[in-house]
Amino acid sequence: MIELSLVGIGTGNPDHLTHQGVAALNAADVILIPRKGDNKADLAELREALCAAVVSNPTTRIVHFDMPVRDSADANPAHYAAAVNRWHDAIAEIWHAKIRAHVPHEGKLALLVWGDPSLYDSTLRIAQRLKLRLALQVSVVPGITALQALTGAHAIPLNDINAPVTITTGRRLREHGWPASADTVAVMLDGECSFRHIKPAGVRIWWGAYLGMPEQLLLSGPLADVAPHIVQQRQTARAAHGWIMDTYLLRRAT
Ligand SMILES: C[S@@+](CC[C@H](N)C(=O)[O-])C[C@H]1O[C@@H](n2cnc3c(N)ncnc32)[C@H](O)[C@@H]1O
């Protein structure tokens, strides 16, 4: 039996790692760390630094793997799901090869998952593919999500009293507009400041980039006033650091 532990590591602050996460990393024979060539956004160095800080088990080994590049067909919404599926198949194939090479019969693997594996992350879906080919037991160590880091940094509640929250992507906000029956919308995976596609009257925004990291940026206020500042800050920060991750909450007056 191969045991795979998916350890939520939070959003870049080493203090986000839980004691449960530290224990899972130290229990692993192999920790798999993804690399995307020279892409700083793969955060491989941050994952390595985290392991160096907390892994004291001398028998735990770090093994890197190169992330396959996603098919450019995914720019077309009609082909998006198929392209993502092919990409997940390719990642599962690489994990399978690494498992065969490093823990061929039995052993413990760990993967450091950004934030928490439950939120806009496909590690669990990729692991599911491996279950079809291996005797694999998957467990999850929850981590602090980007949304928790955002609401924590702004010291705001996620929801209004007795009100629902919709979590969506920048792409969907652009293509479908404000989600029906939502007063609060949390937006992730948005490289294009998609809040510009929303009618700003009566809407407030709470925005955060590099949440939990020393570079953290926060802006909030009425969308009409703050939107141009976010666009500007995002552009400047992205140019300075070479990458950016940001998340925001939109709330409409009811
Ligand atoms: C692939 S999703 C992963 C989400 C992660 N599993 C979680 O629990 O937060 C990546 C998106 O999460 C958000 N995100 C992750 N880390 C962030 C950070 N440190 N600051 C701001 N947004 C972040 C961004 O919207 C980014 O596009």
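**Comments on the predicted model**

1. Domain 1 and domain 2 bury about 1200 Å² between them, and 68% of this area lies on carbon and sulfur atoms. The domain assignment places domain 1 at residues 2-141 and domain 2 at residues 146-252. In this predicted model, the contact involves 15 residues of domain 1 and 16 residues of domain 2. The centres of the two domains, taken over C-alpha atoms, are 27 Å apart.

2. Polar links across this interface may be stated briefly. Two residue pairs are in polar contact between domain 1 and domain 2, while the count of salt bridges between these domains is zero.

3. The largest nonpolar core comprises 40 residues, and those with the most contacts inside it are Ile 31, Phe 195, Ile 205, Leu 223, Tyr 248 and Leu 250. Among the elements giving two or more residues to this core are helix 1 (19-27), strand 2 (30-35), strand 8 (203-209) and strand 10 (246-252). Helix 7 supplies the largest share, five residues. The core draws at least three residues from each of domain 1 and domain 2.

4. Leaving aside residues up to four places away in sequence, Phe 195 touches Leu 173, Asp 190, Ile 205, Leu 223, Ala 227, Ile 230, Val 231, Tyr 248 and Leu 250. A second, separate core has 21 residues, including Val 30, Ile 99, Ala 127 and Leu 136.

5. The salt bridges number seven. One of them joins Arg 251 to Asp 160, with the closest N and O atoms 3.9 Å apart. This pair links distant parts of the chain, 91 residues apart: Arg 251 is in strand 10, and Asp 160 is in the loop between helix 5 (146-154) and strand 6 (165-169). Arg 251 is buried, at a relative accessible area of 9%, whereas Asp 160 is partly exposed, at 31%.

6. Arg 174 and Glu 192 form a salt bridge with a closest N to O distance of 3.7 Å. Glu 192 lies in the loop between strand 7 and strand 8 and Arg 174 in helix 6 (residues 170-176), so the pair ties together parts 18 residues apart in sequence. Glu 192 is partly exposed, with a relative accessible area of 43%, and Arg 174 is also partly exposed, with 27%.

7. Arg 234 and Asp 246 meet through their side chains in a salt bridge of 2.8 Å, N to O. Arg 234 belongs to helix 7 and Asp 246 to strand 10, 12 residues apart. Both residues of the pair Arg 234 and Asp 246 are buried. Elsewhere, salt bridges with shared partners join Arg 174, Asp 190 and Glu 192 into one network.

Definitions and conventions
Residues are numbered from 1 along each chain as its sequence is written. This is a predicted model: local features need pLDDT of at least 70, side-chain atom pairs count only at pLDDT 80 or more; totals for chains, interfaces and linings use all residues. Side-chain values use heavy atoms; hydrogens and water are left out. A nonpolar core is a set of buried Ala, Val, Leu, Ile, Met, Phe, Trp, Tyr and Cys residues joined through side-chain atoms within 4.5 Å. Buried means under 20% relative accessible area, exposed over 50%, partly exposed in between (1.4 Å probe, protein chains only). Helices (H or I, at least four residues) and strands (E, at least two) are DSSP runs, numbered from the N terminus. Domain bounds come from an automatic or database domain assignment. Contact means heavy atoms within 4.5 Å. Buried area is the accessible area (1.4 Å probe) that two parts lose on being put together, summed over both. A salt bridge is a side-chain nitrogen of Lys or Arg within 4 Å of a carboxyl oxygen of Asp or Glu. A polar contact is a pair of N or O atoms within 3.5 Å; within protein, one must be able to donate a hydrogen and the other to accept it, and residues adjacent in sequence count only if both atoms are side-chain atoms.
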